[in-house]
Amino acid sequence: MTNRLTRIYTRTGDKGTTGLADGSRVSKTSERIETLGDIDELNSVLGILRTELANDDALAPVFFQVQNDLFDLGGEIAMANPEYQAITPAIVTELENHLDALNEQLPPLTEFILPGGSRSAAYCHQARSICRRAERQMIRLCDAEDQNPMGAVYLNRLSDLLFVCARILARRNGNQEICWQPRHK
């Protein structure tokens, strides 16, 4: 692999702009950069979550693939070229297949679930909520600029997958999911 960065700081962003993969410069507060930031934050929390799992955990390769997919999505967004599409319907279908297989392991959902149950489940819920924000930001980007809409679809399915994974993680080792208990019924 060739060196991607020979110097970490460039000073080119000191005035509030950053470079895209096509060489153009945009404001660091643009919809595109906000979307990239949310996806980066999501990927970081997934990295933390993965450290909570054993190497042979069945969810570990799923999260690893998702992290790679998120990097691909970030690359697609950074290209700022609607013809470059890294996230395809086939990738979304793969995510749906994981979601369906994992959800079959769980009892029906009859209550609202609070984030928690275990440390790994809490991280997974945090990733889910960041994913929802990234999805909303991705939709803003698609509304403002010509962008592959499959990124928003992917993030929508991913948040569902993360919810199911959080339920699985909360129920491990004899633990339970934490159900919402309203003050007044």
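Biologist: What percentage of the 185 residues in the protein chain is buried?

Modeller: This is a predicted model, so every value here is computed from it. Buried residues make up 38% of the 185 residues.

Biologist: Which elements does the chain hold, and in what order do they run?

Modeller: There are five helices and four strands. Read from the N terminus, the order is β-β-α-α-α-β-α-α-β. The C-alpha trace spans about 55 × 40 × 35 Å along its principal axes.

Biologist: What percentage of contacts between residues at least 6 apart joins residues at least 24 apart in sequence?

Modeller: The share is 72%.

Biologist: Now the inside. How should I read a nonpolar core?

Modeller: Start with the general idea. In soluble globular proteins, nonpolar side chains tend to be buried together. Now this case. The largest nonpolar core has 41 residues. L42, L155 and L158 have the most contacts inside it.

Biologist: Which helices supply at least two residues each to this core?

Modeller: They are α1 (31–51), α2, α3 (89–103), α4 (119–144) and α5 (150–171). Helix α5 gives the most, with 13 residues.

Biologist: Which residues is L42 in contact with, leaving aside its neighbours within four places in sequence?

Modeller: L42 is in contact with L70, A127, I130, C131, L155, L158 and L162. Note that L155 and L158 are also on the list of residues with the most contacts inside the core.

Biologist: Next, charged residues. Is D69 buried or exposed?

Modeller: D69 is buried, yet it has no salt bridge. The nearest side chain of opposite charge is R50, 12 Å away. A salt bridge needs a nitrogen and an oxygen within 4 Å.

Biologist: Where is D69, and what does its side chain make a polar contact with?

Modeller: D69 is in helix α2 (residues 60–79). Its side chain makes a polar contact with the side chain of Y154, at 3.0 Å. Leaving aside neighbours within four places in sequence, D69 is in contact with I87, I91 and Y154.

Biologist: How many salt bridges does a search of the whole structure find?

Modeller: It finds 10. Take R172 and D57, whose side chains meet at 2.4 Å, N to O. R172 lies in the loop between α5 and β4, and D57 in the loop between α1 and α2, so the pair ties together parts that are 115 residues apart in sequence.

Biologist: Why does D57 count as buried?

Modeller: Its relative accessibility is 11%, and buried means under 20%. R172 is partly exposed, with a relative accessible area of 26%.

Biologist: Which residue forms a salt bridge with R132?

Modeller: D160 does, with the closest N and O atoms 3.3 Å apart. This pair links distant parts of the chain: R132 is in helix α4 and D160 in helix α5, 28 residues apart. Both residues are partly exposed: R132 has a relative accessible area of 30%, and D160 has 28%.

Biologist: And which residue forms a salt bridge with R171?

Modeller: The partner is E177, with the closest N and O atoms 2.8 Å apart. R171 is partly exposed, at 32% relative accessible area. E177 is buried, at 12%. Elsewhere, salt bridges that share partners join D38, E41 and R133 into one network.

Biologist: What about E145? Where is it found?

Modeller: E145 is in the loop between α4 and α5. At 32% relative accessibility, E145 counts as partly exposed. Its side chain makes a polar contact with the side chain of R32, at 2.7 Å. Compare sequence with space for E145 and R119: they are 26 residues apart in sequence and 38 Å apart, C-alpha to C-alpha.

Biologist: Last topic: aromatic rings. How is a pair described?

Modeller: A pair is described by the distance of the centres and the angle of the planes. This structure holds one aromatic pair. The rings of F112 and W180 have centres 5.6 Å apart and planes at 70°, so the pair is edge-to-face.

Biologist: Why does this pair tie together parts that are 68 residues apart in sequence?

Modeller: F112 lies in the loop between α3 and β3 (113–114), while W180 lies in the segment after β4 (178–179). F112 counts as exposed, at 60% relative accessibility. W180 counts as partly exposed, at 43%.

Key. Residues numbered from 1 in each chain as written. Predicted model: local features only at pLDDT ≥ 70, side-chain atom pairs only at ≥ 80, totals over all residues. Heavy atoms only, no water. Buried < 20%, exposed > 50% of the residue type's maximum accessible area, 1.4 Å probe, protein only. Lys, Arg positive; Asp, Glu negative; His and termini not counted. Polar contact = N/O pair within 3.5 Å; in protein donor to acceptor, adjacent residues only side chain to side chain. Contact = heavy atoms within 4.5 Å. Core = buried A, V, L, I, M, F, W, Y, C linked by side-chain atoms within 4.5 Å. Phe/Tyr/Trp six-rings, centres within 6.5 Å; stacked < 30°, edge-to-face > 60°.
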